[in-house]
Amino acid sequence: MKEKFKNFRWDSIVIAIASIVLGIILIVFPEITLKTLGYAIGIGIIVLGVISIIFYLARESSDNLNRNDFLLGTVEIVIGICAIIKIAIIIDLLPIAMGIIIIISGCAKLQDTVDLLRAKTGNWIVLFIFSIICIGAGIVLIYNPFDSMKILFVLIGVALTFSGATDIFRTIYLNKKIGKSR
């Protein structure tokens, strides 16, 4: 289990850093066109698909039982191609998708808060506040009350940066708590 947590921790930190970098880019350069970002998302999804298929093919066939990397890779490639072809759909869905991702991140933080509270360890209130802020920011992104796309991109950037930073905080904090309990 310790090895699974170690892998999860690094995955979580890498994703959090990517969120922070993307968030900062959106804050500093809100004029980035939606079309460019949409193409980047489509290409990124295609690359993830290719990587999934490569991992599938690199493993022994017996190790691929109960793994869906080939299926996942194929679906990601198809979604990436569709995203590039139908860029307007991606542009319309971007704030909603970002909102959903940030809400999920906030809910994960909320679950960790409940775990800390039930275990009676640590200061859970800080993590609780972070989780509520993330959930609220995600809801705001989904309902998109902003007229200006520039303001929306700055808000998405702030939300992604905050979510990534609090993910790193959560990961380090939980790692320390788990380390002390062993």
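## First stop: Leu 72

Keep in mind that this is a predicted model. Start by selecting Leu 72: its relative accessible area is 41%, so it counts as partly exposed, the range between under 20% for buried and over 50% for exposed. Leu 72 sits in helix H3. Leu 48 and Leu 72 are 24 residues apart in sequence, and their C-alpha atoms are 9.2 Å apart in space.

## Along helix H3

Next, select residues 69-85, the whole of helix H3. How far apart are its end C-alpha atoms? They are 24 Å apart, which agrees with the 24 Å that 17 residues should span at 1.5 Å a residue.

Colour Asp 69, Gly 73, Glu 76, Gly 80 and Ala 83, which are buried in H3. Look down the axis of H3: the buried residues fall within an arc of 90°, so they line one face of the helix. Then turn to the other side of H3, where you'll find Leu 71 and Ile 85 exposed.

## Into the largest pocket

Last stop: the largest pocket, which holds about 900 Å³ of space. Pick out Ala 18, Leu 22, Ile 45, Leu 48 and Ile 101; of the 21 residues lining the pocket, these lie nearest its centre. Which elements give two or more residues to the lining? They are helix H1 (2-28), helix H2 (34-58), H3 and helix H4 (87-119). Colour the lining by type and you get 18 nonpolar residues, two polar and one charged.

Conventions:
Residues numbered from 1 in each chain as written. Predicted model: local features only at pLDDT ≥ 70, side-chain atom pairs only at ≥ 80, totals over all residues. Heavy atoms only, no water. Helix = DSSP H or I, 4+ residues; strand = E, 2+ residues; numbered from the N terminus. Expected span 1.5 Å × (residues − 1). Buried < 20%, exposed > 50% of the residue type's maximum accessible area, 1.4 Å probe, protein only. Arc of directions from axis to C-beta. 1 Å grid on protein atoms, 1.4 Å probe; cavity = no way out; pocket = protein on both sides within 12 Å on 5 of 7 lines; lining within 4 Å. Points joined across faces, edges and corners; volume = space filled by probe spheres on them. Nonpolar A, V, L, I, M, F, W, Y, C, P; charged D, E, K, R; others polar.
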